[in-house]
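Trainee: I have a model to look at. Please show me how to read its features, one by one.

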Amino acid sequence: MEKNDKLEKVTSWAKRRGFIFQSSEIYGGLGGVYDFGPYGIALKNNIKKLWWKTFVEGREDVVGIESSILMSRKVWQASGHEGGFNDELVECKKCNQRFKADDMPEGKCIKGGEHELTEPKAFNGMFKTYVGVNQDESAQTYLRPETAQGMFCDFKQVMEVSRKKLPFGIAQMGKCFRNEINTKDFLFRVREFEIAEIEYFIKPGEDEKAFDMWLEAWEKFVLLVGLKKENLRHYDHPKEGLSHYSKRTLDIQYNYPFGWKELTGLANRTDFDLKSHAEASGKDLQYFDAETNEKYFPFVVEPTLGVDRLVLAVILEAFEELEPRTETTEAATEKEIVLHFPASLAPVKVAVLPLIKKLSTDARKIYDDLKTCWPVEFDESGSIGRRYRRQDEIGTPYCVTVDFDTIEKDQCVTVRDRDTMKQERIKISELKNFLFDKLGSF
Ligand code: GAP
């Protein structure tokens, strides 16, 4: 499969199977904004749950919060976003289309070939909004472009209420908004997306060690969600290209069909943010170190992750189009699509399929029982081959088929494995334990 062909196939599969589709589609869509359908939100939530479990519940040195999307405009002035969260905007002198200068490396219009472009102009990527009834400058603020600033503003409170000492981290995930000049590549560059990130506060001097520790933890996580090592690489930003607050920035890039691109990143933000907010707010945001009797601004290492970019990578990694695997069904002439999601991420864990409708009442009893443990689907329509295909296409790891022997002979069901297509007869009384071994609890 050609590489970009894969992105097109994944985009159309995601829409057809109700994972992800354009927002406001009935009105022609809104650029760079997507909706997650029933399976899509289940997949995304599973990724988020795993992240929270790994980095918040699984660690003693990290606590979770949820700060608000709307914050005082002063936050964005102090953080440098109001003055500097800019992209370079260029306009084609002939087509009048506007582009991000970074996307036009030759300095020529990508649509019109040789057309000349205007000189780059700074374009602020934050969405403006107003709080309250006055729609003027005094009421203006922005939708947050990152979750980080909420954690810096809440640093002192959170540290006190959770009785933490350095080193410790604050984690959160949530919606962020960026008015990207050009959106592209499905979920890769969008205007509304989720970030999951941690601000890890440390004593100055311990930042480089913390950076390495978080790089290792972050990499482990992207492997845990099923990305292959050979599709991941590091990109260390050159010193001269670093943001104003950063001592070191490193991206973990993924080998997307449209090239190696940033999936997630780590930054050594030094003491820039806490110092800026202390200065602008007049509040003391220093840490008192009882061991050394000193007061100082902690340094911050920030591992950050775009959840939607990760959802896209997980789907691309799991998506496979195959020649027909079975010869016994009417669907045998069509190519098959299988999503090899890790079981922990699959939107549906098990499907219960009565061979024919007559067996539905008995099959429903099994479904009702399994449903208390996992997200399970019941499907009685179409040939058994078609139903297997439907489940393969949404990445359901196991199908449980109820047939005549189940009822009349052996009280066993057939459990089919999505990836190997191996089928095993399992006693109904042992089915839950069998599936627990494979899936764990939900
Ligand atoms: N607090 C640090 C921060 O916001 P960032 O690199 O600007 O850093 C964090 O963004 C992550 O959000 C990126 O690693 C990327 O995965 C994701 N991201 C950034 N812009 C995005 C966009 N327009 N669409 C989708 N994901 C985006």
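Trainee: Which side chain has an N or O atom 2.6 Å from an oxygen atom of the ligand?
Mentor: First, a caution: this model is predicted. To find a polar contact, look for N or O atoms within 3.5 Å of each other. Here, the side chain of E262 places an N or O atom 2.6 Å from a ligand oxygen. R178 has a polar side-chain atom 2.9 Å from an oxygen atom of the ligand. E302 faces a nitrogen atom of the ligand instead, with a side-chain N or O atom at 2.9 Å.

Trainee: How much of the ligand does the protein bury?
Mentor: Start with the ligand taken alone: it exposes 560 Å². The protein buries 90% of that. The ligand sits in the largest pocket.

Trainee: How many residues surround the ligand?
Mentor: There are 20, and the closest are E146, E180, E197, E262 and L263.

Trainee: Which strand gives the most to the shell?
Mentor: β13 does, with five residues. β10 (192-202), β13 (259-270) and β16 (299-306) each supply at least two.

Trainee: How do I read a pair of aromatic rings?
Mentor: Use the distance of the centres and the angle of the planes. With centres within 6.5 Å as the cut-off, this model has 25 aromatic pairs. Take W51 and W218: their ring centres are 6.2 Å apart and their planes stand at 80 degrees, so the pair is edge-to-face.

Trainee: Where in the chain do W51 and W218 lie?
Mentor: W51 is in helix α2 (residues 38-57) and W218 in helix α7 (residues 207-224). The pair links distant parts of the chain, 167 residues apart.

How values were computed:
Residues are numbered from 1 along each chain as its sequence is written. This is a predicted model: local features need pLDDT of at least 70, side-chain atom pairs count only at pLDDT 80 or more; totals for chains, interfaces and linings use all residues. Side-chain values use heavy atoms; hydrogens and water are left out. A residue is near a molecule or strand if one of its heavy atoms lies within 4 Å of it. A polar contact is a pair of N or O atoms within 3.5 Å; within protein, one must be able to donate a hydrogen and the other to accept it, and residues adjacent in sequence count only if both atoms are side-chain atoms. Accessible areas come from the Shrake-Rupley method with a 1.4 Å probe; for residues, only the protein chains shown count as cover. On a 1 Å grid over the protein atoms alone, a cavity is a set of points where a 1.4 Å probe fits but cannot get out, and a pocket is an open set with protein on both sides within 12 Å along at least five of seven lines; lining residues have an atom within 4 Å of a point. A molecule sits in a cavity or pocket if more than half of its atoms lie within 2 Å of its grid points. Helices (H or I, at least four residues) and strands (E, at least two) are DSSP runs, numbered from the N terminus. Rings of Phe, Tyr and Trp (its six-membered ring) pair if their centres lie within 6.5 Å; planes under 30 degrees apart count as stacked, over 60 as edge-to-face and the rest as tilted.
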